[in-house]
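Please consult the sequence and structure shown here before reading on.

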Amino acid sequence: MKVTDRLVIIPTYNEKENIEAIVRKVFSLETAFDILVIEDNSPDGTAAIVKSLQKEFSQLHIIERKGKLGLGTAYITGFKWALENNYEYVFEMDADFSHNPEDLVRLYEACANQGGDMAIGSRYVSGVNVVNWPMGRVLMSYFASKYVRIVTGMKIHDATAGFKCYTKKVLETINLDKIRFKGYAFQIEMKFTTWKFGFNIIEVPIIFTDRTQGTSKMSGGIFNEAVWGVIKMKLRSFFTKYER
């Protein structure tokens with residue numbers, strides 16, 4: 001049952017250690033949010049935990065997919081469901097507490113009260129705010145965002161951030177079926193497309209804390225997609241019309 005116009009989309013694959021805690025934390029916030037879990041057939045029983053929680057929380061929803069189909073396609077599935085159900089504010093958030101659920105309220109405020117069409121939970125807009133990452137990964141992420149800024153021209157400090165709020169009009173404007181990337185670069189492509197359409201993007205400083213439970217899904221191939229994909233994305237943009 002829909003109880004608010006704010007929807008948090010949480011993709012999951014093997015998140016049994018985190019999913020119940022993150023759901024309960026989001027539903028404990030003073031600002032109300034609905035949750036949609038996009039579950040990629042986790043062998044660890046994540047889906048069963050979500051379904052048991054649905055008996056307690058009517059505003060918890062789940063879409064089960066056949067397998068691990070990629071982060072980008074999970075979010076696109078969630079975005080389409082959000083539009084079908086007329087949500088005004090749609091959030092991306094990890095299941096592993098690397099994103100602090102309390103910051104959902106700050107992202108919402110940036111869009112609802114500060115004129116943002118998209119709000120980004122930014123690790124780099126006020127220095128480097130990352131906890132528990134090895135230095136090599138911090139540097140790779142930080143300079144990936146610098147690289148994206150140079151190639152695309154976007155004035156966004158955290159181009160690869162995955163903690164975001166979209167307004168409905170942004171998701172209605174973007175042709176979601178034409179978003180090409182499925183992994184790490186998906187986050188870049190969504191920001192770039194939003195920016196090219198002239199929407200107002202606000203970066204909200206957050207502290208990112210690496211997961212303490214479960215296993216990271218990051219891989220070297222994901223970074224390769226981002227490096228080469230950004231150049232292809234920029235070249236394609238010269239032949240694309242961005243008209244609202």
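The side chains of Asp40 and Arg65 form a salt bridge with an N to O distance of 2.7 Å, where a salt bridge is a side-chain nitrogen of Lys or Arg within 4 Å of a carboxyl oxygen of Asp or Glu. This pair links distant parts of the chain, 25 residues apart: Asp40 lies in the loop between β2 (34-39) and α2 (46-54), and Arg65 in the loop between β3 (60-64) and α3. The model is predicted, so local features need pLDDT of at least 70 and side-chain atom pairs count only at pLDDT 80 or more, while totals for chains, interfaces and linings use all residues. Residues are numbered from 1 along each chain as its sequence is written, and side-chain values use heavy atoms, with hydrogens and water left out. Helices (H or I, at least four residues) and strands (E, at least two) are DSSP runs, numbered from the N terminus.

**Salt bridges**

- Side chains of opposite charge can pair when their charged atoms come close.
- A search of the whole structure finds 12 salt bridges.
- Both partners of the Asp40 pair are buried: Asp40 has a relative accessible area of 5%, and Arg65 has one of 13%. Buried means under 20% relative accessible area, exposed over 50% and partly exposed in between, with a 1.4 Å probe and protein chains only.
- Asp117 and Lys169 are joined through their side chains by a salt bridge of 3.1 Å, N to O. This pair also links distant parts of the chain, with Asp117 in the loop between α4 (103-112) and β5 (118-122) and Lys169 in helix α6 (residues 168-173), 52 residues apart.
- Asp117 is buried at 8% relative accessible area, whereas Lys169 is partly exposed at 42%.
- Salt bridges that share partners join Glu20, Arg24 and Glu56 into one network.

- The buried residues of α1 are Ile19, Ile22, Val23, Val26 and Phe27. They cover an arc of only 125° around the axis and therefore lie on the same side of α1; the arc is that of the directions from the helix axis to the C-beta atoms.
- The elements that cover the buried residues of α1 include β1 (6-12), β2, α2, β3 and α4.
- In α4, the buried residues are Asp103, Leu104, Leu107, Tyr108, Ala110 and Cys111. Seen down the axis of α4, they fall within an arc of 155°, so they line one face of the helix.
- The buried residues of α4 pack against β1, α1, β4, β5, β7 (164-167) and β8 (201-205).

**Contact of α3 with α7**

- The axes of helix α3 (residues 71-84) and helix α7 (residues 185-196) come within 8 Å and cross at roughly 45°. Axes are lines fitted to C-alpha atoms, for helices over the stretch in contact, and angles run from 0 to 180 degrees between N-to-C directions.
- The two helices α3 and α7 are therefore oblique to each other. Angles under 35 degrees count as roughly parallel, over 145 as roughly antiparallel, 65 to 115 as roughly perpendicular and the rest as oblique.
- From α3, Leu71, Gly72, Tyr75, Ile76 and Phe79 meet Phe186, Gln187 and Met190 of α7. The residues of this contact divide into 6 nonpolar, 2 polar and no charged.
- In this classification, Ala, Val, Leu, Ile, Met, Phe, Trp, Tyr, Cys and Pro count as nonpolar, Asp, Glu, Lys and Arg as charged, and the others, Gly among them, as polar.

**Positive phi angles**

- Most residues other than glycine have a negative phi.
- Asn86, which is not a glycine, has a positive phi of about 60°. Asn86 lies in the loop between α3 and β4 (89-92) and is partly exposed at 44% relative accessibility.
- Phe97, also not a glycine, has a positive phi of about 70°. Phe97 is placed in the loop between β4 and α4 and is partly exposed, with a relative accessible area of 31%.

- Ser145 belongs to helix α5 (residues 135-152) and is buried, with a relative accessible area of 1%.
- Apart from neighbours within four places in sequence, Ser145 is in contact (heavy atoms within 4.5 Å) with Tyr124, His157, Asp158, Ala159 and Thr160.
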